[in-house]
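Colleague: I have a structure open and would like to go through it with you. Could we begin with the pocket?
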Amino acid sequence: MTKNFRAVRWLCAIGMLSLAFLPARIIGQNFADVKPSVQQTNWQDLEIGALFHFGTNTFLDREWGDGRAAASVFNPPNVDAEQWVEAVKAAGAKYVILVAKHHDGFTLWPSELTDYGVKSSPWRGGKGDLVREVADAARKNGLKFGVYLSPWDRHDPRYADAKAYDQYYLGQLDELASNYGELEEWWMDGAGSGGHVYDFDRIVQELRMLQPNTLVFSDVALYKNSDLRWGGNEDGRVEYENWNVVDRAGYLRWRPIEADTPLRKLHWFWHPNDEASLKSTDDLVKDYDESVGHGATLMLGIAPDRNGRVPDSDVARLKEFGEAVRARYGKSLLDSNEWTSDAGYAAPRRGESAGATWTARDAHEGALDVKFAKPVTFDCAMTMEWLTDGQHVQRYAIEVEREGGQWVAIANGEAIGHKKIDHFAPVTAQHARLHLLDTSSAAHIREFQLYSVAATK
Ligand code: FUL
């Protein structure tokens, strides 16, 4: 070995070592370089999910149980998980999550680690397993399944001892992650946990070992490394520019938003005489526009009643909501009119990703146009970014061409991400375009559609 070669080897080794000790932020992570996992993009495609809350609270007119309710209060006569799943499927949900244990600590599956749960209740003679019933019903209907296991537990005495409780939580996680097939999502609720220290790294490591593809949802403040994030409210709306990459103390990560909201305003559990809180179809469509239409996923909270069924009024509302979304966005003006594109935008093939994308020629700017055979009137645009390569659009306008060839903006925005829905005053034009004004690298557009929402009312 020559002297020079040895010196180069040493320099390389020192270089590698010092890199290994540099914090990630100094290595230079850049928002535009952070890309999603395939599990995350597949999840973003689901767009609508449902979260079922059902337990002792259902029978006691409560939102937060204190963990002292007798297990015997849980006795629904007609639990019908298929009816729950069919109800949310009609709303367009593609996945469901069951609250397997809420803050009251009552388990809806026969956990071997506690007696406080369905196995001590009269329901199905103490032999019931609601996690199994909902998982089976979801899969039978082609929906994905996930679970919510509350970290905050107001019943179990182990909660007072952080280490003992971690062990308990891990044991329950093992049961849920080992016995109910593939889990789409693991919901880690932040409520009530203030001051309690959890060993989240261990919890998530355990989950990854048993369920490598499960996406962990949590509040950014609760667990820094999860895959999905809470949007900061329970209104089902994202009222700001939605960037998928977030920074938590210098640590960048792709964490799309799941925007949760209960179907009955402010109520996650069922309550008697509560019909007035059922959200209207208009409210729900607005939630959709401001969650899915702002690049997030909409998570609707559903509360089965004491009978064990989703109430008829909720079933009807979910159906109306699903129909309203399909009426608005099921068919676009590009589907029902002849058009061409100077930019070479091809007819979008819905549901496809890579194959159907249009990529701007310029690295930081571009325009994707649609030229109709005759003038059309529209009041809404829907744009989707192909995210596999990252989120790159930072500023854009929807524009129409006026006589004399002048382009006029009718909507402006910054982030597009998974999906962006823009509403504007009706405009009649023959030539429209999505004008990308600023992108961090060549942006990929998966879909650009125009609609007349007024015409669907
Ligand atoms: C919150 C909880 O406190 C509510 O009871 C509900 O479970 C909601 C989905 O998350 O943090």
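Colleague: Which helices and strands each supply at least two residues of the lining of the largest pocket?
Modeller: Please note that this is a predicted model. In it, helix H3 (38–46), helix H10 (312–329), strand E13 (366–385) and strand E17 (444–451) each supply at least two lining residues.

Colleague: And which of them gives the most to that lining?
Modeller: H10 does, with four residues.

Colleague: Which residues lie nearest the centre of the largest pocket?
Modeller: Asp 45, Glu 47, Lys 94, Tyr 288 and Lys 419 lie nearest its centre, out of 28 residues that line the pocket.

Colleague: How do the lining residues divide into nonpolar, polar and charged?
Modeller: Twelve are nonpolar, six are polar and ten are charged.

Colleague: What does each domain give to the lining?
Modeller: Domain 1 (28–329) and domain 2 (333–456) each provide at least three residues.

Colleague: How much space lies in this pocket?
Modeller: The largest pocket holds about 640 Å³.

Colleague: What box do the C-alpha atoms fill?
Modeller: Along the principal axes, the box is roughly 80 × 75 × 35 Å.

Colleague: What share of the residues counts as buried?
Modeller: Of the 457 residues, 55% count as buried. As for contacts with a separation of 6 or more, 76% are between residues 24 or more positions apart.

Note on methods
Residues are numbered from 1 along each chain as its sequence is written. This is a predicted model: local features need pLDDT of at least 70, side-chain atom pairs count only at pLDDT 80 or more; totals for chains, interfaces and linings use all residues. Side-chain values use heavy atoms; hydrogens and water are left out. On a 1 Å grid over the protein atoms alone, a cavity is a set of points where a 1.4 Å probe fits but cannot get out, and a pocket is an open set with protein on both sides within 12 Å along at least five of seven lines; lining residues have an atom within 4 Å of a point. Grid points are joined across faces, edges and corners, and a volume is the space filled by probe spheres set on the points. Ala, Val, Leu, Ile, Met, Phe, Trp, Tyr, Cys and Pro count as nonpolar, Asp, Glu, Lys and Arg as charged, and the others, Gly among them, as polar. Domain bounds come from an automatic or database domain assignment. Buried means under 20% relative accessible area, exposed over 50%, partly exposed in between (1.4 Å probe, protein chains only). Contact means heavy atoms within 4.5 Å.
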